[in-house]
Amino acid sequence: MAKEERIRVIEEKNIHLWFLGSPVALCSMKLELNETKNSMFAYSKMMNVQPENIKAVLFDVICYDSVHKVVDTMHKVAYYELDIPRNGVFGMDTPIRIRNNNTRTVEFVVLSVTTVSEETWENTDMTHFGIDMQQQSIINVQGDLNKDFIDNCTKANIDHTKLIFEPVFKNEYWMCACGTLNWSDENTCSGCKVTKDWLIRNTSRELLLAQSKKRISAARKIREEAQAREAQDNIAQTVEFERRKENYRLQQKEAKSKGNAKQIITATLLVILLAVAGVTVYFFGLPSARYLLAINDLNSRQYDSAIKKFGKIDGFLNSNELIKQATYEKAVSELSSGNPSEAMNLLYSILNYKDSEELYKSAAFQVGNAEFQAENYRRASEMLRLAMTSSDSSIAENAAQTNEQCIQHIYDQALSDIQSKKYEEAKESFEYLGDYKDSADKVTYCTYMLADLEYNQRNYAGAIEIYETIRGYSDVDSRLASLENLRKVTSAAGTDGSPAVWNGYGIVNEGNNSDYVFEFYLDGKYNFAVFTPSGQERNSMTGEYKIENDIIYTMYYSDGNEAWKPMSTIKSITDSSEIEGKNTQMIMTDPFNKKTTITMYGNIISDDNVSM
């Protein structure tokens, strides 16, 4: 019975990349490891984005490891014997054998594309895919205006369910709302057949906004007419009630004159109680009554109560507008009472109402000044920067002046944080300051010092990760070079602590019956032991290690002092499947005698604790 193959997906991406002029775009890629056969394959889905059918595509595959270092480049890989029409995809059924199993991601560089008419396009500059053609959802971009766009589609007999993306119009190309890439000289989408001119007109925010206002105005008119009729009916019912009440009063008076006072009083009380109860239930259950009560609350400055009541009759007459009015008046009250933060919270929800946005900036100015006095300079600066956009020149100018002082304070504090070795806080401050003075250089310096902290604490994987972001700075490149073998050992390991990042057993090249066991850990610890054939431990050592320039150093302590001493020399680290269950071979000298050569077989451990 055939052994079931175990396939592990190393990386899978759904992307849409292109570069100007290329006849093909990249839609997706996948990298798989066949753990049973210890073999790796890559797949790419490409799309023909030009009119003529494609016959062949030639491309390079660049292979990167987990720290994005090139470990292999496969030249002139090809898809042959194709016949792919416009917008057709290909490639996912054709696996590409990857030679280096340390590969963790791949990049495709198209070299040439040949059409069925034997015309060939060539990428002479070796340009990489550089344009990310992911589009935003048209509903998210248009919001409520999407209703008007759908109406336009319906009027033009266009299926709006296919137009789901915000279109993109560039000088060299345009992306249709259906997601299809079209060339600049094509006026009709090759995918959904919608014309570019129609799409430009009918996705125009100005046009849709005008349509929306017209639609809302018409709906408001219909609603107001209905509400007016309802109000008239309410008035008529009230008039009828008053007429009946007057008639009954006359009947009561007539009954008294006939000497039936007692009977009439009893009947009168019963009828009036029933009538009053009925009217109360009817009248105060009507939206019009709730509306009047909410108006009364607004006029008496009971803003929270008014907002709550208007909310319960959502849409009745101008209740929604009056919610904004109540919120606005409450914000003004809070602002005049010295509560600018509360005013800002209220105004933020109605920024498009009256002059709320300007009041919001005025409140920000007050908050900024208060924070400045409290020496909370970062918060003060954030508020003052907002106030600097005010149309009130006095507010804007004063905010700018105070913000300058905030910026200087933030800068000075960041310098102080550097002196106190608070590099994370300093870096965050310098990043906020942007191009102020030498803040950008200071960000790099703080990054370097943070990497140094990781390095000195022997968290080498963490140090490597940070050093990679500032290559070319100071001695970063030389440090990364000195950690090259450690990078190989830890390239697939996580940074979250410590399964063993490399473990295995060794064979002495001269030959003896001892077993060697060596384990590296990501936190800078190691174990090394030698066992006799009977399983007894003959030699062992544990401690802290570092690897620089192919030398493994171990930490020694003498009289309370620390010192690094060479323990072993690494001659090579390579991939190997020579020993079942192991994927790495490391040749090194015996730590005990510094002369004997040992070949160690082990595994690099991934960040999910699974041997790779």
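**Notes on the predicted model**

1. In this predicted model, Phe430 is in contact with Tyr411, Ala414, Leu415, Ile418, Ser439, Lys442, Val443 and Cys446, leaving aside its neighbours within four places in sequence.

2. Phe430 also belongs to the largest nonpolar core, which has 33 residues. Together with Leu433 and Tyr467, Phe430 touches the most other members of that core. At least two core residues come from each of α10 (356-373), α11 (377-387), α12 (393-419), α13 (423-433), α14 (439-456), α15 (460-467) and α16 (476-482). The greatest contribution is that of α12, with eight residues.

3. Helix α2 spans residues 146-155, and Asn146, Asp148, Phe149, Asn152 and Cys153 in it are buried. These residues sit on the same side of α2, because they cover an arc of only 160 degrees around the axis. Thr154 and Lys155 are exposed, on the face of α2 turned away from the buried side. Just after α2, Asn157 has a positive phi of about 55 degrees.

4. An open sheet is formed by three strands in the order β11-β12-β13, with antiparallel pairing. The edges are β11 (168-169) and β13 (181-183); each has a single partner strand, so one side of each lacks a neighbour in the sheet.

5. The antiparallel pairing of β12 (residues 173-175) with β13 runs over three bridges. Opposite Trp174 stands Asn182 in β13.

Note on methods
Residues numbered from 1 in each chain as written. Predicted model: local features only at pLDDT ≥ 70, side-chain atom pairs only at ≥ 80, totals over all residues. Heavy atoms only, no water. Core = buried A, V, L, I, M, F, W, Y, C linked by side-chain atoms within 4.5 Å. Buried < 20%, exposed > 50% of the residue type's maximum accessible area, 1.4 Å probe, protein only. Helix = DSSP H or I, 4+ residues; strand = E, 2+ residues; numbered from the N terminus. Contact = heavy atoms within 4.5 Å. Arc of directions from axis to C-beta. Pairing = 2+ DSSP bridges.
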